[in-house]
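Dear colleague,

I am passing on the structure that you asked about, so that you can look at it alongside my notes. Please keep it open while you read.

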Amino acid sequence: MASGYLALVLHAHLPFVRHPEHSHFLEEDWLYEAITETYIPLIDIFEGLVNDGVAFRLTMSLTPPLMSMLLDPLLQSRYWRNLGELIELAEMEVERTAIEPHFNYLARFYLDRFLRAREIFSSYGGNLVAAFRKFQDLQVLEIVTCGATHGFLPLLQVQPAAVRAQIMVAVQHYEKHFGRKPKGIWLPECGYFPGLDEVLHEAGIRYFFTDSHGILYSTPRSRHGVHAPLYCPASGVAAFARDQESSRQVWSKDEGYPGDYNYREFYRDVGYDLDLEYIAPYVQATGERKNTGIKYYRVTGKTNHKEPYNPYWAGKKAEEHAGHFMWCRERQIEYLANTMGRSPLIVSPYDAELFGHWW
């Protein structure tokens, strides 16, 4: 028996935005940004691991609103257009920065990323849901569902029919696109209320993810805190809760990794840095500026002065942080195993899109 277990869980969700009445709509950029910076890079990594014969396991939610956008032909065609515009801008940047070696290197870095994104998007015919299904069928990825509209279920419990509809529609949507019912669910905003598990059981769902306090303040109290699943007595559905220590390490700007000075500064983007006349075709049609995804600076420090980003330095730092993360989980498991008298389970859930922002 292993001394303990680590479960990495990614929550992939975006609000549903689709405006065919406008040729360009700013909020749709949230989807395009996440595809380029999160979903396609994940698919790229999964493909590499499978091709290299690396045994890996990951759990990931794909919410019905996000899946509906990823499967929509209009949004697929608009993303293709968006990617073409990014490639064109990156090519212009390669030319503009020709006499600035480091910025030219960064422009080529982004151009290569965008070209790779186009290659992967094209290889799946624009259907990224099919890409994720492939990895589930290979049994390296476990895809869980979420509420049909990501509605916060504790607030909806005043209308039990609405709660039931959120779950049942989500299960039907999942089954339509993955060929089987989901085994698990990421509760929207991790919100649980007593009795919700019975609706999940009716829908055939065997487990759910909730926030730490959902187990820490359960009745009766859990003997092992968040480091072992709880089974709801009426339904038998299992509850898994977020480990606070590993969450803090990854997301806290003060205690965690994102604030490292070598990582990319998300808030410095050429959409705001360059002359408006030059960048105008690649920002909003109204002439207002926006993020393009090309960012040349690193965090540097708690100052407005920013130094140029170095992907190599950032990559080495990410390796160091990944090693530190795993070392901490090993020490945490050693301590918990001795305290609990059984193999602990550490559930580390994260919003998938934020990895694209910071890393």
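Below I describe the aromatic pairs, the nonpolar cores, a sheet and the salt bridges.

Please bear in mind that this is a predicted model, in which local features need pLDDT of at least 70 and side-chain atom pairs count only at pLDDT 80 or more, while totals for chains, interfaces and linings use all residues. Residues are numbered from 1 along each chain as its sequence is written, and side-chain values use heavy atoms, with hydrogens and water left out.

Aromatic rings

A search of the whole structure gives 20 aromatic pairs, where rings of Phe, Tyr and Trp (its six-membered ring) pair if their centres lie within 6.5 Å, and planes under 30 degrees apart count as stacked, over 60 as edge-to-face and the rest as tilted. The ring centres of Phe 103 and Tyr 296 are 5.6 Å apart and their planes stand at 75°, so this pair is edge-to-face. Phe 103 belongs to helix α4 (residues 101–123), whereas Tyr 296 lies in the loop between α12 (276–279) and α13 (311–340), and the pair thus links distant parts of the chain, 193 residues apart; helices (H or I, at least four residues) and strands (E, at least two) are DSSP runs, numbered from the N terminus. Both Phe 103 and Tyr 296 are buried, where buried means under 20% relative accessible area, exposed over 50% and partly exposed in between (1.4 Å probe, protein chains only). Phe 103 and Tyr 296 also belong to one aromatic cluster with Phe 109, Tyr 110, Phe 114 and Tyr 297. Over the ring of Tyr 297 sits the charged end of Arg 268, 4.1 Å from the ring centre; for this, NZ of Lys or CZ of Arg must be within 6 Å of the ring centre and within 35 degrees of the ring normal.

Nonpolar cores

The largest nonpolar core has 65 residues, and Leu 31, Tyr 39, Leu 62, Leu 66, Phe 132 and Tyr 296 are those with the most contacts inside it. Such a core is a set of buried Ala, Val, Leu, Ile, Met, Phe, Trp, Tyr and Cys residues joined through side-chain atoms within 4.5 Å. A second, separate core of 20 residues includes Leu 187, Leu 196, Phe 208 and Ile 215.

The sheet

Four strands form an open sheet in the order β4-β5-β7-β6, with mixed pairing, where two strands pair if DSSP finds at least two bridges between them. The edge strands, each pairing on one side only, are β4 (184–186) and β6 (230–231). Strand β7 (residues 238–241) and β6 pair in the antiparallel sense over two bridges, and Tyr 231 stands opposite Ala 238 in β7.

Salt bridges

The whole structure contains 22 salt bridges, each being a side-chain nitrogen of Lys or Arg within 4 Å of a carboxyl oxygen of Asp or Glu. In one of them, the closest N and O atoms of Glu 28 and Arg 78 are 3.1 Å apart. Because Glu 28 lies in helix α1 (residues 28–51) and Arg 78 in helix α3 (residues 73–96), this pair ties together parts that are 50 residues apart in sequence. Glu 28 counts as buried at 1% relative accessibility, and Arg 78 counts as buried at 7%. By contrast, Glu 319, which forms a salt bridge with Lys 316 at 3.5 Å between the closest N and O atoms, counts as exposed at 52% relative accessibility. Finally, Asp 44, Arg 116 and Glu 119 are linked in a network of salt bridges.

With best wishes
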